[in-house]
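Colleague: Please take a close look at one chain of this model, and describe the part in plain terms. I would like to follow the description with the structure open beside me.

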Amino acid sequence: MSISRQNVETARKTGQEFRSGAVPISEHIEKTISGIQKEEPRNHCFVTLFEEQAHKAAIRVAQKLRSKEDCSLLAGVPVGVDDTMMTRGRRTTCGSGTLEHFIPTFSATAVQKLEDAGMIIVGKLNTDEFSMGSLTQTSFFGPTSHPADETRVAGAAAAAVASGVISCALASDTGGALRQASAGCGVCGIRPTYGAVSRLGLAAFASSMDQIGPIASDIRDCAEILNIISGKDPCDSTSVEIDKIDLSRIDSFSLSGLRIGIPSVFFESDTDPFVKASFHEALDALRSEGAVTETFSLKGLDQAVAAYAVISCAEASANLSRIDGIKYGFRAPEAKTLSEVYERTRSVGFGSDAQKRIMLGNYFLSAERYEEYYLRALRVKALIAKGFASAFRRYDVILSPVSPSLAPKKEPYDTLSMFEEDFFTVPASLAGLPAASVPCGKNPDGLSVGLQMIGPHFSEAKIVGAADAFLRIGGGQKTQGGQK
Amino acid sequence: MIEYEAVIGLEVHVELSTESKIFCACPTAFGGAPNTHVCAICSGMPGTLPALNREVLRYAIRAGLATNCEITRDGKFDRKNYFYPDLPKAYQISQLYLPVCRNGRIEIGEGKNKKTIGIHEMHIEEDAGKLVHDPEGNCTLVDYNRCGIPLIEIVSKPDFRSADEVTDYLERLKTTLQYIGVSDCKMQEGSMRADINLSVRPVGREELGTRTEMKNMASLKAISRAIEAETKRQISRISAGKPIKQQTRRWDDDKGVSFSMRSKEDAHDYKYFPEPDLLPLRVSDGMIEEIRREIPELREARRARYIKELGLPEYDADILTSSFPLVRIFERTAGICGNAKEASNWIMTDLLKLLKDEQVAPEDMHFPEDSLGKIIRMTSEGVINRSVGRRVLTELFGSDTDPITYVKDNGLAMVSDQSVIETAVDRAIRENEKAVADYLCGNPKSLQFLIGQAMRHLRGKGDPQSVQKILFEHLEKRR
């Protein structure tokens, strides 16, 4: 076994083949779609395929390439988009029964930028209902299967990339979905600095933490896509301009002298032994290249999951209120009065996990509980952000595992244990920091684990450099890991 | 017999007259076919985000400065959550914790009845849509055109003791907001709406009684009647030993009574929390000073200046400053004709009469600001006489036609050509031998009659002085 990046051509190489004329775009798109269709009954990665639109786009982009119009390096490359992102005129369900037949009137800025760059959206990827979860367990359309084990779940964007049907995808990350999905399938993913990618057109889950990022089998492809989708959007007040990542300088990134911090609480946590062992091996590999590791204490991390749960449920409760059966989407047909429309539509339309989080959010925001929960959670958030800021005066990157456990079975889950899975990923979300997940091991059953690299705000280039260097030394190639 | 007094506080919602809505580019124009001033943002589509129209902040600060408020340097938006079909996001973006303005005041009353009404705070928020009942389909429809129209809510302190004080305050607030150009404050179109909080207590007691709230009052008369009726209702309940329930009441102006809508126990918990989609509002000293410079001279100061510097009678100054459209037309007119008193006279007698006859409010007047000034200038320059001037004003009121062009095109300019006037005078004398004889016998009234006849032959356009002079000469020749 080897990791998937040897199975799939990188998006950049595919783009190069289109530009040189070695491979016709239309043919490649046709192959991609039939590949997806072949795998779909087993994988269940896609909610909607844009077969016809993708073919039309292929012809358009090919025309542009022939007439030497200004195109990105990834023009013509097929890409999948998480179904929480609006695609104009094309079904967008947000993984929810409430929007099963919803057709948006506009495209998310990130989606629009991909299309402007000539990338071809072949379909919409399965997602947890309004992003509430990480591994599609809460999707109205059922979970996505793990590429290595059909009885286990996976994030659809990562599973589609890992199974080789597409080389790259856009996913969303609130508490760590993008990173956990990437880790679980042994592919790369980057959650950028909060605001680096416009949230316009991403159905909101927890607005203060939602971010769009790339998933690909190759970290440089992630960087290339991030360069396309990032930037200030006047329609998203919280968006910011970030420097583009200079891919030509990645080769020269050296691990020697890289200062790595590891919050000590990350070693004390209840983590799967294989995950722990892989993490230690990764640290060994980095140290052998001259990186310096050090543990430190970061105040508030033990309360990060609780703070995240409070803030995300609170924001979600307001964000999902617009799904009320009045304007669009599902409306309970039997409802007679206005309050019945609200009650029936929402209690039938939303899945149980979404309903739980909405109820919790309302509780946290209620007048009597606001201070006890919501304001306290904001204080924890501020404390963690401050802790990171001071840590980054001493360290270049902060490392941790991505997920405390291996891909779970397709079994009934409970909301609280899902929050526990976010232990390593929510701190960066709360602090708005960029974080990458890169593969750092695969167990004998083919279940992957990831290494999380967190950097200071706007340090995407540095994270990509460190991740790429780690992968170059074979850090992510370990299989049968754990023992040397 | 215990004497009671009413304690009243007001929450006034004012729609700001910015070109576009508060968080999207849709127009704010009143009316329009249902759901035509609507986009993905103001109709609450999934994935949409608000982007603040900076003009809204400037307008709100201007309103705050004009009512002596402190301006908050680091304001914030909050979400107010509730379900209603006219609220597409099911939350309203508003300001609870850090409103844009605080601690202002407005002076009401005259002379020894002067009184200061405190403004507790002023916050920015978005308006909701409207529900329309469709009797044909027997269903309720939603019109989202009004969604996202920027509002400021001006919350007064409970400083009012009577309906008269409330209406005086509302009139002054309206005038001020119109002066500074932030709102047209048309209660009939809903661009100014008031909620009344009212309680009663025995005169002399400090402690407040239990209050009721009456929402969305849409005319000054209704407000006045509602306050009087509610004061009476509360006093009679208390006098009868019955408690006042804290509740929201709906005033039915046709029936002249109010009904309970909901009581305190059913009050909403709006679950406010900071709006994560918008950045905090940073207001710099420079911005405040810049906005301060944009504020025109307000009514009181302008009124005093009209009396002192322009020498206008108090009554005229009062009327002219009562609405900003009148101020604008007065100052423009005075500027063009170069005579403030003339401008004032024409407006007070002729223009206001026209407005009254046509039942048009000054702010709805469709009449170029330059027109009246041009008409007056033509009369003072002798191009037309005063009665032709009046005629031109009446005929052009409500049209865009330029008065100078109109006078020229319709041949209304005064005739000062000696020979033309002489012909008309000759004719008047020839056709009215008796009047001529009377005049020569010493009846001066006949002179007026003959002038009138000559003017008639000149179709009213004769220069009155020339006509009189030539007629006089011709008559004297006959002696």
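Predicted model: local features only at pLDDT ≥ 70, side-chain atom pairs only at ≥ 80, totals over all residues.

Modeller: Along the principal axes, the C-alpha atoms of chain B fill a box of roughly 100 × 65 × 55 Å. Buried residues make up 39% of the 479 residues of chain B. Among the contacts in chain B with a separation of 6 or more, 67% are between residues 24 or more positions apart.

Now to two of the strands. Strand β4 of chain B covers residues 78-81, and β5(B) covers residues 91-94. The two strands pair in the antiparallel sense, over four bridges. In this pairing, B:D78 stands opposite B:S94 of β5(B). B:S94 belongs to the uncovered face of β5(B), together with B:Q92. The covered face of β5(B) is made of B:Y91 and B:I93.

Chain B also touches chain A. Here 24 residues of chain B are in contact with 34 residues of chain A. On the chain A side, α10 (304-319), α11 (338-349) and α12 (352-365) each supply at least two residues. The largest share of that side, three residues, comes from α10(A). By class, the side of chain A that touches chain B has 19 nonpolar, nine polar and six charged residues.

How values were computed:
Residues numbered from 1 in each chain as written. Chains lettered and ligands numbered in written order. Buried ≥ 20, exposed ≤ 12 C-beta atoms within 10 Å, placed from the backbone. Contact = placed C-beta atoms within 7 Å. Nonpolar A, V, L, I, M, F, W, Y, C, P; charged D, E, K, R; others polar. Pairing = 2+ DSSP bridges.
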